[in-house]
Amino acid sequence: MDAKKRKVDQLLSNRWKITQEIEQIQANCKHENIVIKQVTDGTSSLPRHVCESCGCPLGYLSPEQTKDFLEKS
């Protein structure tokens, strides 16, 4: 196995471990401080309710909330 392949495999393994750790933190978070932020889901960017502590997206805004958020931005 060449050095590039080993490095890519190591990085992918690290990414998986980091993703698992983030998911565990978010699952155990009480989400006490909720803010509105733009969240990218891979194809689009939408304003959502997000926990300020752990960054977990918690829900979508109502049409009125979306309008107010976009007007303030």
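Colleague: Is Q26 buried or exposed?
Modeller: This is a predicted model, and Q26 is found in its helix α1. A residue counts as buried under 20% relative accessible area. The value for Q26 is 18%, so Q26 is buried.

Colleague: Which residues does Q26 touch, leaving aside those up to four places away in sequence?
Modeller: A contact requires heavy atoms within 4.5 Å. With residues up to four places away in sequence set aside, the residues that Q26 touches are H31, C54, G55 and C56.

Colleague: Is I25 buried, partly exposed or exposed?
Modeller: I25 has its place in helix α1, which covers residues 3-28. Partly exposed lies between the buried limit of 20% and the exposed limit of 50%. The relative accessibility of I25 is 48%, so I25 counts as partly exposed.

Colleague: How far apart in space are I25 and C51, C-alpha to C-alpha?
Modeller: In sequence, I25 and C51 are 26 residues apart. In space, their C-alpha to C-alpha distance is 12 Å.

Colleague: In what order do the elements of the chain run?
Modeller: The chain has 2 helices and 3 strands. Read from the N terminus on, these elements run α-β-β-β-α.

Colleague: Why is the chain described as more spread out than a compact globule?
Modeller: Along its principal axes, the C-alpha trace spans about 55 × 30 × 15 Å. For 73 residues the globule rule gives 11 Å, and the chain is well over this value, so it is more spread out than a compact globule, with a radius of gyration of 17 Å.

Colleague: What percentage of the residues of the chain count as buried?
Modeller: The chain exposes about 6,000 Å², of which carbon and sulfur atoms supply 54%. Of its 73 residues, the share that count as buried is 15%.

Colleague: Which strands stand at the edges of the sheet?
Modeller: Strands of a sheet pair through backbone hydrogen bonds, either parallel or antiparallel. Here 3 strands form an open sheet in the order β1-β2-β3, and the pairing is antiparallel. One side of each edge strand is left without a neighbour in the sheet, because each has a single partner strand; these edge strands are β1 (34-40) and β3 (57-60).

Colleague: What is the average twist from one strand to the next?
Modeller: The sheet concerned is the open one with the order β1-β2-β3. From one strand to the next, its twist averages 45 degrees.

Colleague: Which residue is the bridge partner of V39 in β2?
Modeller: β1 and β2, the latter being residues 45-51, pair in the antiparallel sense over 7 bridges. K37 stands opposite R48 in β2. For V39, the bridge partner in β2 is L46.

Colleague: Which residue is the bridge partner of R48 in β3?
Modeller: β2 and β3 also pair in the antiparallel sense, over 3 bridges. In β3, R48 has as its bridge partner Y60.

Colleague: Which residue takes a positive phi in the hairpin of β2 and β3?
Modeller: In the hairpin of β1 and β2, with 4 residues between the strands, G42 takes a positive phi near 105 degrees. The hairpin of β2 and β3 has 5 residues between the strands, and the residue with a positive phi, near 80 degrees, is G55.

Methods: Residues are numbered from 1 along each chain as its sequence is written. This is a predicted model: local features need pLDDT of at least 70, side-chain atom pairs count only at pLDDT 80 or more; totals for chains, interfaces and linings use all residues. Side-chain values use heavy atoms; hydrogens and water are left out. Two strands pair if DSSP finds at least two bridges between them. Axes are lines fitted to C-alpha atoms, for helices over the stretch in contact, and angles run from 0 to 180 degrees between N-to-C directions. The radius of gyration is taken over C-alpha atoms; the globule rule is 2.2 Å times the number of residues to the power 0.38. Buried means under 20% relative accessible area, exposed over 50%, partly exposed in between (1.4 Å probe, protein chains only). Accessible areas come from the Shrake-Rupley method with a 1.4 Å probe; for residues, only the protein chains shown count as cover.
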